[in-house]
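Welcome! Have the sequence and the 3D view open, and let's work through some questions together.

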Amino acid sequence: MQAARGTALTLPGDDPAPARAPIQHRPGRRLGLVLVVAATAYALDALSKVAVVANLTPGQPRRWLGGAVYLLLTRNSGAAFSLGAGATVVLTAVAVAVVVLIVRVATRLRSIGWAVALGLVLGGALGNLTDRLVRAPGVGRGRVVDFISVFADDGHIWPIFNLADSAIVCGGILAALLALRGIEFDGTRASTRRAVRG
């Protein structure tokens with residue numbers, strides 16, 4: 001039989017073409033973004049520490065921004081903001097575990113916010129971990145270079161820190177905000193997921 005103009009000719013017994021399922025657009029994985037953010041945070045931290053060690057003398061702070069910030073070279077055997085001094089080996093092991101965990105989670109990420117948050121934490125953790133591995137007094141026991149003191153030249157108002165510490169804190173704050181908003185690693189909201197399952 002002749003088909004109407006503009007329609008396909010079908011013969012008896014022919015099966016009509018199967019209907020195509022609608023394409024579901026899912027955001028791509030964000031591993032690349034995690035690595036870019038981590039590499040940027042790591043590079044800034046490493047370069048700042050090289051510059052500080054080369055240009056600052058311990059015990060001789062430099063005043064910036066009218067005294068709002070002081071640059072003061074110190075060596076920290078503890079965690080971020082000089083917490084946990086004396087537990088360097090334990091902190092090194094914890095940092096390694098954090099790095100491994102973030103890398104594993106990053107392969108499943110689809111949320112831009114979570115990718116940035118975890119990238120900041122990863123870059124900061126790697127920055128301080130590098131110090132613990134390569135600086136004196138030895139591998140796994142190295143002291144982290146800290147140099148930023150706010151509102152005082154000796155860290156008594158706020159503990160002296162570095163850019164790696166800042167990246168970890170900023171990443172942690174962003175992660176907390178994302179969790180409070182119910183945003184999952186795949187970019188969906190927890191409330192939406194529960195509604196779909198219901």
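Q: In which helix do Asp45 and Lys49 both lie?
A: This is a predicted model, so let's begin with a simple pair of residues. Asp45 and Lys49 are 4 residues apart, about one turn of the helix. An α-helix has 3.6 residues a turn, so residues three or four places apart point the same way. The helix that holds both Asp45 and Lys49 is H1.

Q: How far apart are the closest N and O atoms of Asp45 and Lys49?
A: Asp45 and Lys49 are both buried. They form a salt bridge, and that calls for a nitrogen within 4 Å of a carboxyl oxygen. For Asp45 and Lys49, the closest N and O atoms are 2.8 Å apart.

Q: Lys49 also meets Asp131 in a salt bridge; how many residues apart are the two?
A: The N to O distance for Lys49 and Asp131 is 3.0 Å. This pair links distant parts of the chain, with Lys49 in helix H1 and Asp131 in helix H3.

Q: Is Asp131 buried or exposed?
A: The cut-off for buried is under 20% relative accessible area. Asp131 has 3% relative accessibility, so this residue counts as buried.

Q: Which residues are linked in a network of salt bridges?
A: The count of salt bridges comes to 3. Together, the linked residues are Asp45, Lys49, Asp131 and Arg135.

Q: How far does helix H3 reach from its first C-alpha to its last?
A: H3 covers residues 112-134, which makes 23 residues. At its start, a side-chain oxygen of Ser111 comes within 3.4 Å of the backbone nitrogen of Gly113. At 1.5 Å a residue, the expected span of H3 is 33 Å, and the computed reach is close to that, at 33 Å.

Q: What is the distance between the C-alpha atoms of Ala117 and Ala175?
A: Ala117 is in helix H3. With a relative accessible area of 0%, Ala117 is buried. Leaving out residues up to four places away in sequence, Ala117 touches Gly171, Leu174 and Ala175. Ala117 and Ala175 are 58 residues apart along the chain, yet their C-alpha atoms are separated by 5.6 Å.

Q: Which residues does Ile102 contact, leaving aside its neighbours within four places in sequence?
A: In soluble globular proteins, nonpolar side chains tend to be buried together. The contacts of Ile102 are Leu118, Val121 and Leu122.

Q: In strand E3, what is the bridge partner of Leu71?
A: Strand E2 is mostly covered, with 6 of its 8 residues buried. E2 pairs with strand E1 in the antiparallel sense over 3 bridges, and there Arg62 has Leu71 in E2 as its bridge partner. E2 also pairs with E3 in the antiparallel sense, over 6 bridges. In E3, the partner of Leu71 is Ile148.

Technical notes: Residues are numbered from 1 along each chain as its sequence is written. This is a predicted model: local features need pLDDT of at least 70, side-chain atom pairs count only at pLDDT 80 or more; totals for chains, interfaces and linings use all residues. Side-chain values use heavy atoms; hydrogens and water are left out. The expected span of a helix is 1.5 Å times one less than its number of residues. A polar contact is a pair of N or O atoms within 3.5 Å; within protein, one must be able to donate a hydrogen and the other to accept it, and residues adjacent in sequence count only if both atoms are side-chain atoms. Buried means under 20% relative accessible area, exposed over 50%, partly exposed in between (1.4 Å probe, protein chains only). Contact means heavy atoms within 4.5 Å. A salt bridge is a side-chain nitrogen of Lys or Arg within 4 Å of a carboxyl oxygen of Asp or Glu. Two strands pair if DSSP finds at least two bridges between them.
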